[in-house]
Amino acid sequence: MHSSKNGKLASSFRDPSGFIFHHDGILYRQINHIYSEHYDQLMSSGLYQSLIDKGWLVSHSETSIDLAQSNDAYRIIQPQIVSFISYPYEWCFSQHKAAALLTLKIQRLALQHDMILKDASAYNVQFVDGKPIFIDTLSFERYEEGQPWIAYRQFCQHFVAPMALMGYKDISFGRMLAAHIDGIPLDLAASILPKRSWLKLGLAMHLHLHSRAQSRHADNNPDKPASPPRKLKRQSLLNIVDNLEDTIKGLKWRADNTAWANYYEGDSYDEAGLAHKKQLVDRFVTQAEPQTVWDFGANTGLHSRICSTQGIETIAWDVDPGAVELNYLEVRKNKEKHLLPLILDLANPSPAIGWANDERLSLFERCNADLILALALIHHLAIGNNVPLGQIAQFLSRLAEWLVIEFVPKSDPKVRKLLATRKDIFTDYTQQGFEKAFTNCYEIIDSEQIEDSDRRLYLLRRL
Amino acid sequence: MSKNKTFFTLWVAVIVLLMVSMPNGYASAYLDPGSGSLIIQVVIAGLVGIAVTVKFFWNNILLMLGFKKRSNRLSDDELVQDDPIQDA
């Protein structure tokens, strides 16, 4: 885990204003004296209350200073808990858009309260009940008329550049954020984007010209500024925020035609089979009584919703950014709670990245699931990706105590398709082989054949 | 020439001018203090100021003439909050 039961979080080192720590399993944030005037203004200007009323910032309560971890503590606060921390390289296009728009709305509100965002990192935004929420209470500082926006570059690197690349070139550029922890460098984005992106007013300014200005001024002699720093009026800053908002809204990506978005069980099950499968999933989940569920290969979240509609915190993981996009839009459209769609390639899960490999955690380090749903998935891992059944069992049993898994035999049309152009080297891939491999890690609690199908659903519990 | 076309031509002219005045180059990015990102904000503020004024009048004209209608699709603001009217 990223921190022991007590102690400072490894990722919380960049900002001298304060840090996050655990004490007796509870999450706190220490605010240092250096940040005191900014914190006081956040609280007294009405900005904090306004942000809370709108649901844009995690709430917090001030607690005993006795919990201070060092001498420079000014306040200790206990922030609202976010059940799962996701990362931008796991977000679909509209989640990026939501996080970017939230950041800009907060910046506008802050400027109206004589404050400004000193950070515009995408990692400061998380998703709770489908909506983006800002989690860094210490990102606000006092605004002085005339100052530019210090986090402008960060906003462009974290939001404008990756979203432009996703919208103009390929949606998979979102994954590039795992390689660039402080956002996509603007010169890199500018070199990849097509020439026509210059015709988009916002991209021409915030990305292309911005990138050129960076390279033009990067070698400025600090002792001899090229020109005296010019003041930027508050209204000009607000205009830039408005324009960034238009730019972000103008970036589009349509998910309708991706490979998997239409894949669903539709052609694997008839109506009765699908209804029976849903009923079995419901029964098995009820038996296990999980508080959190991770649905791997969730597609657009048909089975995830069996859990989330019961109030179980559910993450719907899928490798296809299109399926995740459609799922997320559905969540927002219906104002659904307890469901978080995210992108994940199970064959190459999110790694630990950043300083000392400790800043952003791997999938394993963040796992909080009580139950894994692995429906119509095993053939993709075992046959599509050559992972032996025993290793799949070990992998899943590391993640959660309970597993609801569907075995898809070789007679199934989907497996036949996977094997159509290759030699069948999967001699163990049988129902017996599956049960043998999985009972090394799990006990079979229940299992049942799905109606009108060769597939079988299992409820397993870790040994 | 329509107003739209005039605006577009002017915009292209401005961009080309800026492209020429700010050629692409290599810099010591590993030592970059980010001054370019601060300086460019003044330039962008100027450009955006003009764009805001033009857009304000243009949108009003389109709304008045009935060329612009509210969409039934999920709006981008609804990604952030349930009720966009509460927006700041």
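Biologist: What share of the 88 residues of chain B counts as buried?
Modeller: 25% of them. Buried means under 20% relative accessible area, exposed means over 50%, and partly exposed lies in between (1.4 Å probe, protein chains only). This is a predicted model: local features need pLDDT of at least 70 and side-chain atom pairs 80 or more, while totals for chains, interfaces and linings use all residues; side-chain values use heavy atoms, without hydrogens and water. Residues are numbered from 1 along each chain as written, chains are lettered from A and ligands numbered from 1 in written order.

Biologist: How many helices and strands in chain B?
Modeller: Three helices and zero strands. Those are DSSP runs: helices are H or I with at least four residues, strands E with at least two.

Biologist: Over to chain A. What is the strand order in the open sheet of five?
Modeller: S1-S2-S3-S5-S4, with antiparallel pairing. Strands pair if DSSP finds at least two bridges between them.

Biologist: Which are the edge strands?
Modeller: S1 (7-8) and S4 (60-63) of chain A, each pairing on one side only.

Biologist: And how many bridges join S2 to S3 in chain A?
Modeller: Six. Phe21(A) has Tyr28(A) in S3(A) as its bridge partner.

Biologist: New topic. Where is Asp452(A)?
Modeller: In the loop between strands S15 (442-449) and S16 (456-462) of chain A. Asp452(A) is exposed, at 57% relative accessible area.

Biologist: Which residues gather with Asp452(A) in the negative surface patch?
Modeller: Asp270(A), Glu271(A) and Glu451(A). Patch residues have over 30% relative accessible area and no salt bridge; like charges are joined within 9 Å, nonpolar side chains within 5 Å. A salt bridge is a Lys or Arg side-chain nitrogen within 4 Å of an Asp or Glu carboxyl oxygen.

Terms used: Accessible areas come from the Shrake-Rupley method with a 1.4 Å probe; for residues, only the protein chains shown count as cover. Lys and Arg count as positive and Asp and Glu as negative; His and the chain ends are not counted. The place of a charge is taken as NZ of Lys, CZ of Arg, CG of Asp or CD of Glu.
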